[in-house]
There are 2 protein chains.
Amino acid sequence: MTDTYVYAFADAAEVPRELLGGKGAGLADMTRLGLPVPDGFTITTAACVHAMHSGGDWPDGLAAQIDSALAALEQRCGRRLGDDAAPLLVSVRSGAAVSMPGMMETILNLGLNDAAAHALAEETGDARFAYDSYRRLLQMFGEVVAGVGAHVFEHALTRRKAEQGVKLDTGLSGDDLRGLCTEFKRLYAEGSGTEFPQDPREQLRLAISAVFRSWGAPRAHVYRRANDISDDLGTAANICQMVFGNRGEGSGTGVCFSRDPATGEHVLYGEFLQNAQGEDVVAGIRTPEPIERMRELLPGAYEELVATVERLEKHHREVQDIEFTVEQGRLYMLQTRTAKRTAQAALKIVREFVAEGVITPDEAVLRIDPAQLDQLLHPRLDASVEAEPIARGLGASPGAAVGAAVFDADTAAARGAAGEAVVLVRWETTPDDIHGLIQAQGVVTSHGGMTSHAAVVARGMGKPCVAGVESAQIDEAARTLTVGDVVVREGDMITIDGAAGTLMLGALPLVAAELGEDFAAIAAWADERRRLRVRANADTPEDARRARELGAEGIGLCRTEHMFMAAERLPVVREMILATQDAKREAALAQLLPMQQSDFEAIFAAMAGLPVTVRLLDPPLHEFLPDRTALAVELAQTEPSPERARLERLADRVRQLSEQNPMLGTRGCRLALLHPGIYAMQVRAIVRGALAAAGRGEAAQIEIMIPLVAYAEELRRMRELVEEVIAEELESAGRELEISIGTMIELPRAALRAAEIAEYADFFSFGTNDLTQTTLGFSRDDAESAFLATYLEAGVIERNPFASIDMDGVGELVRIGAERGRAARPGLKLGICGEHGGDPASVAFFHGAGLDYVSCSPFRVPIARLAAARAALGATGERR
Amino acid sequence: MTDTYVYAFADAAEVPRELLGGKGAGLADMTRLGLPVPDGFTITTAACVHAMHSGGDWPDGLAAQIDSALAALEQRCGRRLGDDAAPLLVSVRSGAAVSMPGMMETILNLGLNDAAAHALAEETGDARFAYDSYRRLLQMFGEVVAGVGAHVFEHALTRRKAEQGVKLDTGLSGDDLRGLCTEFKRLYAEGSGTEFPQDPREQLRLAISAVFRSWGAPRAHVYRRANDISDDLGTAANICQMVFGNRGEGSGTGVCFSRDPATGEHVLYGEFLQNAQGEDVVAGIRTPEPIERMRELLPGAYEELVATVERLEKHHREVQDIEFTVEQGRLYMLQTRTAKRTAQAALKIVREFVAEGVITPDEAVLRIDPAQLDQLLHPRLDASVEAEPIARGLGASPGAAVGAAVFDADTAAARGAAGEAVVLVRWETTPDDIHGLIQAQGVVTSHGGMTSHAAVVARGMGKPCVAGVESAQIDEAARTLTVGDVVVREGDMITIDGAAGTLMLGALPLVAAELGEDFAAIAAWADERRRLRVRANADTPEDARRARELGAEGIGLCRTEHMFMAAERLPVVREMILATQDAKREAALAQLLPMQQSDFEAIFAAMAGLPVTVRLLDPPLHEFLPDRTALAVELAQTEPSPERARLERLADRVRQLSEQNPMLGTRGCRLALLHPGIYAMQVRAIVRGALAAAGRGEAAQIEIMIPLVAYAEELRRMRELVEEVIAEELESAGRELEISIGTMIELPRAALRAAEIAEYADFFSFGTNDLTQTTLGFSRDDAESAFLATYLEAGVIERNPFASIDMDGVGELVRIGAERGRAARPGLKLGICGEHGGDPASVAFFHGAGLDYVSCSPFRVPIARLAAARAALGATGERR
């Protein structure tokens, strides 16, 4: 018993789509609906997968099944492959289960050889048609099967047309084309080292193997990588009787959509070309005309097409992308599939489908790909303007930005504050560059990846970022960015596309972001359906307000370190760090207290009525000090003087605080256990800020979060400290305030010991960025620029674990932490606040893990709302 | 119903030792045996624990239970507390379940007040005795309960003796002493602000509370920390009728051991003091005499003592440490407990116990504390010589070393190679110092902890190391180490004790290490009983040979990075790293190949017949390059020149390779996935070395280990690479060789995904050093010097997780990895090769987790052998 690998279109309606591929399933479906579809059969993806794993060998039984399907097809058509009176011609086309438009292979007119071409000319009385079909076969077969470059044939065709003084292929006579076929066969033999196979069954065998092979081609691989499609699916091959759009004025070919895929408008949208086969459109030799033109040229076929398209949309309950051919007035449907469309169109379409009663609101929510919403959330390049990128990097934060290139944060801050649009260009950014980032329209780095400092901060701010432009040389001293011979100087206008990861010269036109009412309607459905709450990561009142506008239901992560970085505060922060006496340290902390207090007050006010989780200081102290190497160089160049002595003391302290692996060093609660004064000051500022906001009727629900807990005992002590300060402040203010205290679960040990830790925590927030770093042993700062790109490219791992949660590893720890925490403390509130909170696949995972909320950057809040609803409706985050 | 907190000695024989404490249990036991023990009762540790958690408050019922036990005692003795005719005097002594000699509190003669002292004088007709007893109570009570400094009373006593012109206390008359009592009461009131309580029941209440309180005293805490005793146990309090060794010539007091605790010799060993109470010995006022003297002075009591001691040893089947008092010829046993002893004595004693049939070999193995063997394994200070340390640090690698202080590795290497004994003194060491470490007798660092580079390497080499001597200022330029006013200059002789963590001036005499035949006998029993195999971590043939001598059954971790560090190789290694062309890199690798090959050949030969696990290159490449900051400074100071250009290129490359968190960066298999040539060269060298050794009949069982795997796919690719090279080499040599291929499990993800990873692994070796770093988020290089000391000191965590495995966190991952790996691949070989392999508690854990072997530094192999046997016999690694 061998498996069944081959199904006639008419028998395949119940075969799973994974086996038939999209094209095969569409053909089978249309056949069952009784629509005009050429006859044929599909070879399943399972055959391709087998061939992939066997060095190209076909599975047992496949050849025999093809023979038998072919015999049945010949029987039904009354034509035979290679017949010298009525030859059967077929197309061989790939078709994967997941749509990969333009990525796969097609061979038309298979079955022709010298004798069959002659027979076809005789039969149709149209030598031009017969030899045009033959030369097309030779060209496509040469390219797809034998690897002969397309240009070889194109040159010969162009030469032949020039010799004959004609512009269009249609100007060549039957004789011209027969001569061209002879030349094509010679070119084929020269280019491939083998003769073109005259045996049609040999042609078929080779063509099917070539389709299977095409699945593994580099461009297909790259497409799958970019679209998160598994390499393991394989493609089906569809063998279909040829119909001809090139049989005169009554024939033609076209593609159309049941609605406008750019706007979503409910009109038939498409293109048509009279007396042509599909490749003529692709080759750009003739320009197709709008579909309305077909109404004039072939009104009968047009009416039938309109009715068929409507019927297909209704049947599939989805916008259809359709290929058709008209052969001598008769319409044939060649393909139907769900149409790709812009985010804007997608929203309008599903909303109208609901209005039309075609789908339910549940389905509407499931129809929108949350990741696609990114397109709407940031200003973007005007798609009508074409511009060649000078360099490519990672699309690290979506949206487009235009501005003058500047090469350091101070310049960015100064020129930006003066009202100029600037784009900050850096080797990589550090927290010291934050003021420049704030004033820049966007940022480009030559180093670092999707979660480099620049990328994370830019996404948080909703600013476009292109990271890791490895081909660019950035010379900060010379203030230039060089790619090959192109030199961008300070002040030159550049444009970046943070979704595509491209860098262009000049100021390209942008189109503003617009969520629009279609989104609002669908988001409302989503909000009714989701269980997960969606909060935002926001460190400033502006971020908080923006997040709230975008639907955030609170702040899940308010980092306090950025508050320490402001230019006027850094000197005080450094004083605090460098203090060798307690009194001096206390004095510096006392100076910082009112500053932090006003920060908190404004953020709490912006989130009045909603929860705000404040994370106490997390980074190691040396992040606030100058760079060790730069200091050493400065010291080496300074003559003995009081200034040098000061520098020396500073350098000593920097060296003392420097760590081999700061990620795993003295930060978070560890720092606070050594120097409780910092947290005490922060808690004081929080309570005072909260009381002040509440006094104005703008009370938020305050949650204080302790970072980097590995041991329950750490949290016990921290909680004690925090509770003491809260009690002191409330007592001295004579006020009451509920403040909950919890922790981040961001170390594997914390997840494993969640039961103990929960004893001292009112809530857990999974810090999946750090948890990913420790679980995988990947330093985020280093991995992306060093080896992660190679890992992804080479397929060692499938997704960047900093962008989409590693469900198997990090995810298991999240599940363990959630289960053990809840078991020990029923009702424990659980959230996550890593970058993953805005990734749809991760959101689905967190839904499944039973978390209460996700928190993400403000601009990803709409995406998370939708993803959460989809998860509640059963969508998973698994890859296709 | 309240709990029972109080037990009379006579009723307590069945009460658990955890409740009675060691002293109480000993007294109850001796009472049951019918030995002469003063009457009394014990208040359990549970009462102390309750008081500890309630701010000192006693549990309900305790006061009533004490009253009733006291009433019963008074009844049995025919004396009453505070009675003005026959007053009962009692001692109040602490006694924890785990012996803490000298750490706890004692109050004697409680029950005396002005009236009772008078009554006692009347009753005994001995005013000197009565008032001597009273002044002792005043002094001890003042000190223990009221916190009056001991010196206050000592000064008064000394003054009084001087006034009377006597030298000994016994020279003072009853009147003198009565006067002294009056003075002591005044001093008590002055020192404490309260009057000495005349009510004996008040005395008792206060004394018991003071005993409870003493459990939390700083010195007790420090002792527990040092001896790995839980803070949660609490102490019992023993209330015991007083007997008096100070009632004349027929009285006396002493301590004795049933065998010599220093040598283990089977002789009664101890000290005796006539007409004295125990504190006189402690106070050092009178020098006790050898126990034999008692035979002459009090022959009857002596004979009874000898018989009692033998009986107690037989009863307890352990060497006993005994306190006794003789009152007017009558022997009283005051305490018996298991004697502390040297490692050497411990070995001899258990061996003789087995010979005498007292215990079985199983018990012998369980009687030896493996950690104590450390004492035997390294040369040590001659205990007879006293020397004051000038500074203290961490005892990071045991043993003592003597040598001239040198301040850099080159000097150490040069002077050491010339035959001079040197001790390397560094701020901290790096892999660049390895050549100096090799030639030094020992190492001192002012920075870093138990698992700093210096400590780890030193332990691996069996060299003494004192790490983290924070009080020492090391000035490499001036070549001095300064502690306060003491300056050690280069060439000055110093001595270090790597067990005690001390640094002494001058060359102190050492005693050589000697395992001896007692150890050999017990190790043989251990080897018969253990299930865990014991291997060594060894990177050189010398280490391998030494490990084998100490009983290693193979090498569990042969690191290859040290092989890259040798002075003549480093330039080639750097060439390889700096190469921008493949050809140049390949050339450098080709140069390294024969060097590595000969290393491997020698190591394999030394381990002929045994398994050797070679770990392919693990550290990031920048570890082999100069320091970034030093380079930057050098660059800043170099004029433009070809040399400067070279330096610039080097600095660029260093910057390019530098990582924020190298621990989590491009190392191990990640590096090999980017640059497969390095591993290919290493595998080639391994195979060639193995074939060469095998050719001489010295074949080892080769195991190749891939480090830092997080994903099964990484290992799959690495395995493919390794197998290819092996096949190539074997084919070209025309030979056969079995080589197994496995991986380290050192990342949390690897442990969680062990089932998948096991598919490509013949063995797992848990790399618990790195697993601890990632699971806890503690950088080993940073944590110990920065916050871990504080964590341990403050009791946030109980044990250094780098020294003894964190069973709850890291341990769970080890268990998960072992279970899932074995489930997927039955028979998968499992080992561990972190520092924990030589820690007895960790070894017990690994036994329980079902591992096949542990691997540790050569000098810890004997410890691991014993620990493994104890684990097999059921001993756990849990703290006491």
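Chain A and chain B touch through 55 residues of chain A and 55 residues of chain B. The model is a predicted one. This briefing starts with that interface, then turns to strand pairing in chain A and to one residue of chain B.

**The interface between chain A and chain B**

- The two chains bury about 4,900 Å² between them. Carbon and sulfur atoms account for 56% of that area.
- On the side of chain A, the residues that lose the most area to chain B are N661(A), L664(A) and Y711(A). Together they make up 12% of what that side buries.
- Salt bridges between chain A and chain B number 6. One of the salt bridges in the model links the side chains of R753(B) and D808(A), with 3.7 Å from N to O.
- Several helices of chain A give two or more residues to the side that touches chain B, among them α24 (628–636), α26 (669–674), α28 (712–733) and α29 (748–752). The list also includes α31 (768–776), α32 (780–793) and α33 (810–824).
- Of these elements, α32(A) provides the largest share, with 6 residues.
- By residue class, the side of chain A that touches chain B has 25 nonpolar, 14 polar and 16 charged residues.

**Strand pairing around β22 in chain A**

- Strand β22 (residues 502–505) of chain A pairs with strand β12 (residues 391–392) of chain A. These two run antiparallel and are joined by 2 bridges.
- In this part of the chain, R392(A) has T502(A) in β22(A) as its bridge partner.
- Strand β21 (residues 493–497) of chain A also runs antiparallel to β22(A), and 4 bridges join them.
- T495(A) is placed opposite M504(A) of β22(A).
- β21(A) and β22(A) make a hairpin, with 4 residues between the strands. In the turn, G501(A) has a positive phi of about 75°.

**A closer look at E420(B)**

- E420(B) sits in the loop between α16 (409–417) and β17 (422–426) of chain B.
- E420(B) counts as partly exposed because its relative accessibility is 30%, which lies between the 20% limit for buried and the 50% limit for exposed.
- Apart from neighbours within four places in sequence, E420(B) is in contact with A404(B) and R415(B).
- With R415(B), the contact includes a polar one between the two side chains, at 2.8 Å.
- A823(B) is 403 residues away from E420(B) along the chain, and their C-alpha atoms are separated by 55 Å.

Key: Residues numbered from 1 in each chain as written. Chains lettered and ligands numbered in written order. Predicted model: local features only at pLDDT ≥ 70, side-chain atom pairs only at ≥ 80, totals over all residues. Heavy atoms only, no water. Pairing = 2+ DSSP bridges. Contact = heavy atoms within 4.5 Å. Buried area = accessible area lost by both parts, 1.4 Å probe. Salt bridge = Lys/Arg side-chain N within 4 Å of Asp/Glu carboxyl O. Nonpolar A, V, L, I, M, F, W, Y, C, P; charged D, E, K, R; others polar. Buried < 20%, exposed > 50% of the residue type's maximum accessible area, 1.4 Å probe, protein only. Polar contact = N/O pair within 3.5 Å; in protein donor to acceptor, adjacent residues only side chain to side chain.
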